[in-house]
Amino acid sequence: MELIIFSAIEGLQAEVEQLRDVAVLAPSRIDQVQRLLTGARPPDAIYIDDSRGTPLAELWDITARAQQVGARVMLGLAGPARSALPDALAAGIPATGERNPAVLADWIGAQIGRRRGSGVHRLPVIAIGAAKGGIGKTFATCVLAEGLRRRGLDVLVWDSDISNPGLVPAFRIPASAPSYLHLVQRGPSHWNPTSIKPFIFQPEHTRANQHGWGRIDLLIGSHAVARAENDIRLPDWQGLYQGIIALDGYDVVLIDTPPDYLRRPYATHVLQAGGSVILPTPPGARERMGVGHMLEHFTELAPERLERCTLLFMEPERGVTVTVGMVAELFARRYPRVGNLGLLPREPRLASLADEHDGYISMLDLGPQSRFARAAHQVVEALCALPACNPDCQCLMSDGGRACVSGYRVNER
């Protein structure tokens, strides 16, 4: 079941996501709600309230549109529109003045016939975001995945940048690998862990090994399939997201997101849903301007989540006059709540050797004592020191030779 939640009540989305067999869509603007209702495949149900200051006339308009397309409507009227609560109930529309997110989620579940699942499991999620291409987003995803793997974690990498699937050549993914875009076309009833697992590609070269390393598996969106089929709608992506974070057998999900963040606001959704976002940040003028635009976007749509956003600085190319230190100081002054993961240096020789190698090999293996490898491990250590990426996830308890560090499992030294 697809359910729209349009509300500013803190924690409500997380509570509703615990209902069984419910894919939650959480648009941030009223016009997005209207487009979802008038689309080719409208949602099954919608909960909308006045906590965002939506005028009563617009609430009634959305209610009428939802009823016209056969979507079940639920209203929350506890703020400016509370006086309309008796009118809604008299018209036979389920309505409530409840504001407690847990109680409200149970009320919504009762209206749509869904109960909470027992032992809800949600994976920590980290989205790698960017406002423009070519700044090292996919490169950063590969480095972080390898660094986490070498600390004993099982990592699922989700390639959401289907217009430029850079993870395919980076990890040497064959053309025969399954594409999750085929799964998307099957509809919401298939966006669950059982149906998702056959579409996860498990390369031999990134499996767990005798050194205590974890593994890297991938969800790939084939470029050929992306051209042949319809583009992924945001509600479809959000529905698939709910199925992926319910998967067993992984410690963390890394999402390589597309740079067109206004049309495909995947990083924004991750932030709103309680995950974390890492923004690769080269110090060039255009690159740092793009990062600033994304941070302004997050400030507008998820201001309470900025602490879950961190910058990963990238060493500039030769000839760039501004330094990383200057740019880091600039961002720290303007966005004091946004973190700093550190700096990844450029190693063009190692990168070229990895690209030309016969098969997959990590730059961390080509230069294990290099400046790049030392910096990469420092960045991953900084990531492991951050709080868990999902407010509902359990801390990964120590086992074997591993210790728990703020929600991540790392090898003891």
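In which sense do strand β6 and β9 pair, and over how many bridges? Strand β6 (residues 125-128) pairs with β9 in the parallel sense over 4 bridges; two strands count as paired if DSSP finds at least two bridges between them.

## About the model

This is a predicted model, in which local features need pLDDT of at least 70, side-chain atom pairs count only at pLDDT 80 or more, and totals for chains, interfaces and linings use all residues. Residues are numbered from 1 along each chain as its sequence is written, and side-chain values use heavy atoms, with hydrogens and water left out.

## Strand β9 and its neighbours

Let's stay with β9. Alanine 127 has isoleucine 255 as its bridge partner in β9. Strand β7 (residues 155-159) also pairs with β9 in the parallel sense, over 5 bridges, and here aspartate 159 is partnered by aspartate 256.

Strand β9 (residues 252-256) is largely enclosed by the rest of the structure, because 5 of its 5 residues are buried (under 20% relative accessible area with a 1.4 Å probe, protein chains only; exposed is over 50%, partly exposed in between). Val252, Leu254 and Asp256 point one way from the strand, while Val253 and Ile255 point the other way.

## The whole chain

The protein chain holds 17 helices and 14 strands, taken as DSSP runs numbered from the N terminus (helices: H or I, at least four residues; strands: E, at least two). Buried residues make up 54% of its 413 residues.

Its C-alpha trace spans about 70 × 45 × 45 Å along the principal axes. Among contacts (heavy atoms within 4.5 Å) between residues at least 6 apart in sequence, 73% join residues at least 24 apart.
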